Amino acid sequence: MSSLNKSPFLKIFLSYLPLLILFFSVFNEFDFNYLKLDYFSFNFVHLLIFFWTLRNPDYLGYLAIFFAGIINDVVIGIPIGISSFCYLLLCSVTAYIRNITLSPNFIKDWISLLFTILLINSIQVIILDLIFLIKVNYMDYLINSGFTFLFYPIFFIIFNFLNERITKQPND
Amino acid sequence: MAAGRDDFVIAIRSAFLKKKDKQKFSLLTLIFLSIFVIILSNFNFKAIQIIKSSINEVIYRSSFFISIPENYFKNLKENFEIHMGLYESYNQTKTELENLKQQQLSDDFLKIENEKLRSLIDENIKSNEIFAKVLIDKESPYLKSIVLNKGSKDDVKIGMAIIDGVYLVGQVIEVNYTNSRALLLSDLNSKIPSVLEPDDIQAVISGTGGDFGVIEHTQDEYEKKLEEGDVIAYTSGLGGLFKPGIPIGKILKEQREKINFFSDFTQLNYVKIVSYKIGSEK
């Protein structure tokens, strides 16, 4: 394993992994946002963006997030720009948290994720329902926000492990 | 207190305006850009439509190719399940076929009688069918739709019906040059004028966002009017887009509030895009 960590190819691959996962998630037909299960769905992309822009923004650029939002809108068929706007709002909250926090705290991050997700899902509902007159199911949004919040610890562990692998220097 | 407010302003300013080494644009620039895109996508200028259509073309095709491995495994699983249930399915199909053969005889008579009656009132229905492959069926909690591989170059137009076998599954809502998007009946925004048979009750079938529909815009007492037994919902043809009599779904005796669609929207691979011309022919 230690020899693998020294491989420059693996290092480059790992550094692009958050970006690859982001684009794969928005392009692919499989979506955690719609698992064909009653009363269960969560937004994987929100968790991905929240973690990486909070903990290691160098590996997930804002421009890439903007384009991922555009792609997501086209693939799921909602007016172009809405997801980009929501993803970037998520980024602005994480950038603010990063600026006011000296030592990162998981619980504080987790609670701020709840408020952020409720905020951006509310904005999305307002834009879709009131501006574009596209009917949406409020309960689905609420359930989605709840499970996205609950699933953060699991993805935090996975992403944190990946983050440590990426940031680890060969001599560490 | 003033220092606290200053810190807040500095943190906000830094969050929105500061660029990291690898960032080419500040967060504020991109937020404004996305608002600009949302506003722009609301206008129906030709230039914007062309750009939007080109973006759709590229992204739909890319999404189709990226989803190939996932779809391969999905199909593999389905094929395996079909294979395992082959004998049971064969027996069931054999019984159904016998029943259908008997039904066919009376249907043929009704069909001829219907054509005769239509010709008496000088009415005919012409249809134009285009076969299409489903490129993407990524459903979301926001929109139940599918992307098809036929677009304006194949004469697809907004409002055309999407048919799976003989069953209605949706209608075209967006047309690009080589592909189009169809809204499924299950979507919250789908409203189809229909008729409930055998009681001949006019109604509007609306999607729920789930895998079933509900009846809207009919008198509350319609449930009392429904006769015993299952009720079949057909298109009424009142909107002028669809011909009357396309089967939509069934209302079961036990669940009067739900319409179970005949077609399984998760299993759509190939569909027909159909336009109807209803009127008298000279």
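## Strands in chain B

Let's start with B:Ile232, which sits opposite B:Lys250 of S10(B). This is a predicted model. The two strands involved are S9 (residues 231–235) and S10 (residues 247–251) of chain B, which pair antiparallel over four bridges.

S10(B) also pairs with S11 (residues 259–261) of chain B, again antiparallel, through two bridges. B:Lys250 turns up here too: its bridge partner in S11(B) is B:Asn260.

## Two helices in chain A

Over in chain A, helix H5 (residues 82–100) packs against helix H6 (residues 106–131) at an angle of about 155 degrees, and their axes are 10 Å apart. Angles over 145 degrees count as roughly antiparallel, so that's the label for H5(A) and H6(A). Their crossing is right-handed.

Who makes the contact? From H5(A) it's A:Ile82, A:Cys86, A:Leu89, A:Leu90, A:Val93 and A:Ile97, while H6(A) brings A:Asp109, A:Ser112, A:Thr116, A:Ile120, A:Ile123, A:Gln124 and A:Ile127. Sorted by class, that gives nine nonpolar residues, three polar and one charged.

## Where the chains meet

Between the chains, 42 residues of chain A are in contact with 41 residues of chain B. On the chain A side, H2 (8–27), H4 (62–76), H5 and H7 (138–167) each supply at least two residues. H5(A) gives the largest share, with ten residues.

As for the make-up of the side of chain A that touches chain B, it has 25 nonpolar, twelve polar and five charged residues. H5(A), then, both packs against H6(A) and supplies residues to the side facing chain B.

Note on methods
Residues numbered from 1 in each chain as written. Chains lettered and ligands numbered in written order. Predicted model: local features only at pLDDT ≥ 70, side-chain atom pairs only at ≥ 80, totals over all residues. Axes fitted to C-alpha atoms, helices over the stretch in contact; angles between N-to-C directions. Parallel < 35°, antiparallel > 145°, perpendicular 65-115°, else oblique. Left-handed = near helix turned anticlockwise from the far one by under 90°. Contact = placed C-beta atoms within 7 Å. Nonpolar A, V, L, I, M, F, W, Y, C, P; charged D, E, K, R; others polar. Pairing = 2+ DSSP bridges.
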